[in-house]
Amino acid sequence: VRLEESGGGSVESGGSLTLSCAASGFMLESYGFGWFRQVPGKKREWVACLNNNDPYYRDSVKGRFTISRDTHLVYLQMNNLKPEDTAVYYCATDRTFSISCESDEHDYWGQGTQVTVSA
């Protein structure tokens, strides 16, 4: 059972990136998924999640980020990126339909993908 993120990179402020999270060893089904990010020296924070298939976002990314899914992948579309969005981004799931979006404790995590936004 493994999660793997992809799609990170370096963009200028105002740019866009789409992150993907792929699961191996189990089907995505309708499990709850979350996207989190971490800056060195700071606690990992939640960014967006699909909880019982409803999307939720932290205030700082509302209107700029969109979480979605298809049969095989969970996505995080990030628009109008800002330097403060720079972080390593992780996807996570508990393989349950609900997920506690703001919790940092989940059963399955990816290895992370770096997003760097320059001013």
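Predicted model: local features only at pLDDT ≥ 70, side-chain atom pairs only at ≥ 80, totals over all residues.
View A. Gly 25 has its place in the loop that runs between strand 3 and strand 4, the latter spanning residues 33-38. Although Gly 25 and Leu 3 are 22 residues apart along the chain, their C-alpha atoms are separated by 8.9 Å.

View B. Four strands form an open sheet in the order 1-3-8-7, and their pairing is antiparallel. The edges are taken by strand 1 (2-6) and strand 7 (65-69), each of which pairs on one side only. On average, and with direction ignored, neighbouring strands of this sheet are turned by 15° against each other. Within the sheet, strand 1 is joined in the antiparallel sense to strand 3 (residues 17-24) over 5 bridges, and Arg 2 has Ser 24 of strand 3 as its bridge partner.

**View C. Strand 11 and the two strands that pair with it in this view.** Strand 11, which comprises residues 113-118, has a covered face made up of Thr 113, Val 115 and Val 117, whereas Gln 114, Thr 116 and Ser 118 make up its uncovered face. Strand 2 (residues 9-12) runs parallel to strand 11 and is joined to it by 4 bridges, while strand 9 (residues 87-93) pairs with strand 11 in the antiparallel sense over 3 bridges. Val 115, a residue of the covered face, is the bridge partner of Gly 9, and Ala 87 also stands opposite Val 115.

**View D. The largest nonpolar core and another core apart from it.** The largest nonpolar core holds 26 residues, of which Trp 35, Phe 65, Leu 76, Met 78 and Tyr 89 touch the most other members. Two or more residues are given to this core by each of strand 3, strand 4, strand 5 (45-51), strand 7, strand 8 (73-78), strand 9 and strand 11. Apart from this core lies another one, of 6 residues, including Phe 36, Trp 46, Ala 92 and Cys 101.

Conventions: Residues numbered from 1 in each chain as written. Heavy atoms only, no water. Buried < 20%, exposed > 50% of the residue type's maximum accessible area, 1.4 Å probe, protein only. Pairing = 2+ DSSP bridges. Axes fitted to C-alpha atoms, helices over the stretch in contact; angles between N-to-C directions. Core = buried A, V, L, I, M, F, W, Y, C linked by side-chain atoms within 4.5 Å.
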